[in-house]
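Me: Please take a close look at the side-chain packing in the structure below. I would appreciate one connected explanation, with each term defined.

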Amino acid sequence: MAKGTLYDQLHGSGAKGGSMEWSTRLKISIGAAKGLAWLHHSCNPRILHRNISSKCILLDEDYEPKISDFGLARLMNPIDTHLSTFVNGEFGDLGYVAPEYARTLVATPKGDVYSFGVVLLELVTGEKPTQVSGASESFRGSLVEWITFLSNNSLLQDAIDKSLIGKDYDSELLQPTMFEVYQFLRAIGERYHFTTDDGILMMPPESTDAENLDELIVAK
């Protein structure tokens, strides 16, 4: 593929990660998410990739992503969506493997989702999954552990790639807002016939930032 892998673009020798515009990163994330969603939900039979990483996302000349490397992929059980145990301990690349895999030795779609979440963190932070250059010298953890640390200390914004800051993307980089989380959970609740009176929370898209939402909650 003309642009190689996403990993090369973000972290490789002569990497262009720092110059990759947010719109390009967003385009890659949406395209890769569409491909993974197709494998999990539309492909017949459905497929678990089991090795999702920025190294398996290939980019064409227009940065359209293609998911590759199906060496560890398995067909999904149509009944319980679980697989048999891993073979020869092949879990996938370090930094992308769901923590429960080592304990259960059973792959599920959630493992692919976890791995894709790490890829999204790479796109937003510009950091490698196992080596975090933006952390303090005393930090020796993974990208996920670093994000968890920053989140627990209300410093999550410090994780964003500095090349993306101050370019009118901040509100998108820090998505989702609590309003969007609420909408997502509410949609799930509708399947169980839960109903809520949204009232003041039904806001137009341009008013869904955290500051406006806080004002509305206080007013409520």
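Reply: The structure holds zero aromatic pairs, where a pair means rings of Phe, Tyr and Trp (its six-membered ring) whose centres lie within 6.5 Å. The model is predicted, so local features need pLDDT of at least 70 and side-chain atom pairs pLDDT 80 or more, while totals for chains, interfaces and linings use all residues. Residues are numbered from 1 along each chain as its sequence is written, and side-chain values use heavy atoms, leaving out hydrogens and water.

One ring does have a charge over its face: Lys 55 lies 5.0 Å from the ring centre of Tyr 7 (the rule asks for NZ of Lys or CZ of Arg within 6 Å of the centre and within 35 degrees of the ring normal).

The largest nonpolar core has 21 residues. Such a core is a set of buried Ala, Val, Leu, Ile, Met, Phe, Trp, Tyr and Cys residues joined through side-chain atoms within 4.5 Å, and buried means under 20% relative accessible area (1.4 Å probe, protein chains only). Among the members that touch the most others are Leu 6, Ile 57 and Val 119. Helix 1 (6-11), helix 2 (22-42), strand 2 (57-59) and helix 4 (109-125) each give two or more residues to this core; helices (H or I, at least four residues) and strands (E, at least two) are DSSP runs, numbered from the N terminus. Apart from this core lies another, of seven residues, including Trp 146 and Leu 150.

Trp 146 and Leu 150 are also among the buried residues of helix 5 (residues 143-152). These buried residues pack against helix 4, with contact meaning heavy atoms within 4.5 Å.

Key. Buried means under 20% relative accessible area, exposed over 50%, partly exposed in between (1.4 Å probe, protein chains only). Rings of Phe, Tyr and Trp (its six-membered ring) pair if their centres lie within 6.5 Å; planes under 30 degrees apart count as stacked, over 60 as edge-to-face and the rest as tilted.
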